[in-house]
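Look at the sequence and the 3D view, then read on.

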Amino acid sequence: MEYKFASRMDRMKASEIRELLKLTARPEIISFAGGLPAPELFPVKEIAQVSHDLVLKEGQKLLQYATTEGRPTLREKIAKRMTEKYGTPVDMNDILITTGSQQCLDFAGKLFLDPGDVVLCESPSYLGALNAFNAYQPVFKEVPTDGEGIIPEELDKILATTPKCKFIYVIPDFQNPTGICWSLERRKKFIEVINKYDLPVFEDNPYGELRYRGESFPTLKSMDTKGLVSFLGTFSKIFCPGLRLGWIAGPHTIVEKFVMIKQSADLHTSNFDQGVADAYMDTYDLDAHVKEIVELYGHRRDLILKTMEEEFPEGVEFTRPDGGLFLWVTVPEGVSARKVFDKCIEQKVAAVIGDAFYPNDKTDRSLRVNYSCMPDDKIVEGVKRMARAIKECM
Ligand code: PMP
């Protein structure tokens with residue numbers, strides 16, 4: 001049967017990453033390719049207990065349809081967390097709970113993008129966002145970045161010469177894929193540029209709370225004076241991704257539109273899942289849980305960096321993130337990252353080829369490495385295998 005699918009499907013190819021992940025899921029392979037939180041830290045017993053109690057306490061309400069905006073007491077808690085953890089006070093009425101923050105990315109595309117519109121992103125950027133926007137047939141413009149984050153002067157140049165820029169999507173805190181965190185100076189300059197052009201911003205922040213060292217920088221949303229920045233948050237990395245709980249805290253008009261879109265997308269986020277997170281936070285200390293996560297990932301980060309420093313040959317560069325789940329390896333000029341990947345698979349270790357994270361410009365020089373989900377012995381052995389693979393390509 002030849003189905004006549006919509007033209008947007010032409011752009012939605014089976015993700016190369018998904019195919020790679022199948023390869024890397026083989027049990028003999030040490031995989032730094034995924035991006036999964038460490039499951040051993042999921043508070044399984046506590047969630048079993050609060051779920052049981054919650055169903056008995058408010059089962060009929062919990063299992064019924066609910067409001068699109070989300071469970072009021074959970075929205076209150078998110079508003080409080082936005083103030084206390086992200087230094088970003090927001091009114092709970094300007095928060096919508098979504099099915100993961102991934103849903104916000106789809107909604108951002110749906111709200112702003114007509115075919116041919118321009119969406120701006122960091123170069124490189126989160127593949128899941130690029131794929132979500134891609135369904136709305138935009139043109140991607142990549143804004144150059146360096147070790148301090150986005151380069152605002154480059155953004156200014158692009159905005160001065162490109163019509164139809166609808167919004168910019170950024171991940172200022174411990175970016176997926178590079179692990180880079182924008183400096184304060186860059187944040188200030190970025191805000192100056194977006195103010196100059198009145199450019200809407202989606203600030204995606206799944207990793208901000210997972211800081212292993214140093215002080216947090218203010219969120220872009222907290223620096224926004226013109227109602228341009230929408231903040232996307234999630235429980236996936238500070239609690240559990242399986243509950244699929246995210247949120248947008250945005251300017252009122254944007255949140256109102258998101259609510260309309262959500263009504264037709266899925267009516268509301270799982271009432272049960274929202275109740276579980278809410279009850280967990282009533283009964284247990286989420287901050288103490290986040291502290292445990294930070295300790296474990298911080299340890300894994302230190303170990304992987306130390307091993308890379310010892311094992312990787314001269315000329316290989318890698319970021320040294322102060323938080324988050326990922327680091328970014330750049331191989332020397334003249335070495336192909338794709339060939340390194342193939343050699344890695346021969347050595348039974350995997351990472352993700354960096355080119356997947358560029359919508360346009362492919363460099364064939366980088367690999368994304370995830371270190372959150374691997375015990376110490378495998379981190380050390382995996383890096384040794386990667387080092388052998390790189391040396392074979394040099
Ligand atoms: N944004 C970024 C930058 C991510 O890395 C992820 C998850 N890997 C998401 C959004 C989606 O997260 P979730 O839908 O689980 O909240």
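## A pair of strands to start with

Val119 stands opposite Phe167 in strand 6. Strand 3 and strand 6 (residues 165-170) are joined by 4 bridges and run parallel. Two strands count as paired if DSSP finds at least two bridges between them. Helices (H or I, at least four residues) and strands (E, at least two) are DSSP runs, numbered from the N terminus.

This is a predicted model: local features need pLDDT of at least 70, side-chain atom pairs count only at pLDDT 80 or more, and totals for chains, interfaces and linings use all residues. Residues are numbered from 1 along each chain as its sequence is written.

## The whole chain

The protein chain holds 13 helices and 14 strands. Its C-alpha trace spans about 60 × 55 × 55 Å along the principal axes. A compact globule of 394 residues would have a radius of gyration near 21 Å, and the protein chain has 21 Å, which agrees. The radius is taken over C-alpha atoms, and the globule rule is 2.2 Å times the number of residues to the power 0.38.

How many of the 394 residues count as buried? The share is 45%. A residue is buried if 20 or more other C-beta atoms lie within 10 Å of its own, exposed if 12 or fewer, and partly exposed in between; C-beta atoms are placed from the backbone. Next come contacts between residues at least 6 apart in sequence: 76% of them join residues at least 24 apart. Two residues are in contact if their C-beta atoms, placed from the backbone, lie within 7 Å.

An open sheet is built from 8 strands in the order 2-9-8-7-6-3-4-5, with mixed pairing. Its edge strands are strand 2 (95-99) and strand 5 (149-150), each pairing on one side only.

Follow the parallel pairs. Strand 3 (residues 118-123) joins strand 4 (residues 139-146) through 6 bridges. Here Cys121 has Glu142 of strand 4 as its bridge partner. Strand 6 also pairs with strand 7 (residues 201-204), in the parallel sense, over 3 bridges. Val170 stands opposite Glu203 in strand 7. In a regular strand the side chains alternate between the two faces of the sheet.

Gly149 sits in strand 5. Is Gly149 buried or exposed? Gly149 counts as buried because it has 24 C-beta neighbours inside 10 Å. Leaving out residues up to four places away in sequence, Gly149 touches Pro172, Ile180, Trp182, Ser183 and Arg186.

Another open sheet has 4 strands in the order 10-11-14-13, and its pairing is antiparallel. Strand 10 and strand 13 (352-353) are the edges, each pairing on one side only. Strand 13 meets strand 14 (residues 366-370) through 2 bridges. There, Val352 stands opposite Arg368.

Asp364 lies in the loop between strand 13 and strand 14. Asp364 has a positive phi of about 55 degrees although it is not a glycine. With 14 C-beta neighbours inside 10 Å, Asp364 counts as partly exposed.

## Around the ligand

Which residues come nearest to the ligand? Of the 14 residues around it, they are Gly100, Ser101, Gln102, Thr234 and Ser236. A residue is near a molecule if its C-beta atom, placed from the backbone, lies within 6 Å of it. The shell divides into 4 nonpolar, 9 polar and 1 charged. Ala, Val, Leu, Ile, Met, Phe, Trp, Tyr, Cys and Pro count as nonpolar, Asp, Glu, Lys and Arg as charged, and the others, Gly among them, as polar.

Helix 4 (residues 100-112) gives the most to this shell, with 3 residues. Asp106 also lies in helix 4. Asp106 counts as buried, with 21 C-beta neighbours inside 10 Å.

## A helix to check by length

Helix 11 (residues 286-311) has 26 residues, so at 1.5 Å a residue it should span 38 Å. The expected span is 1.5 Å times one less than the number of residues. The end C-alpha atoms of helix 11 are 37 Å apart, which agrees.

Its buried residues are Tyr297, Arg300, Arg301, Ile304 and Met308. Their cover includes strand 10 (317-318) and helix 13 (376-393). An α-helix has 3.6 residues a turn, so residues three or four places apart point the same way.

## Two cis bonds

Ser123 and Pro124 are joined by a cis peptide bond, with omega about 5 degrees. Asn176 and Pro177 are also joined by a cis peptide bond, with omega about 25 degrees. Pro177 is found in the loop between strand 6 and helix 7 (184-197).
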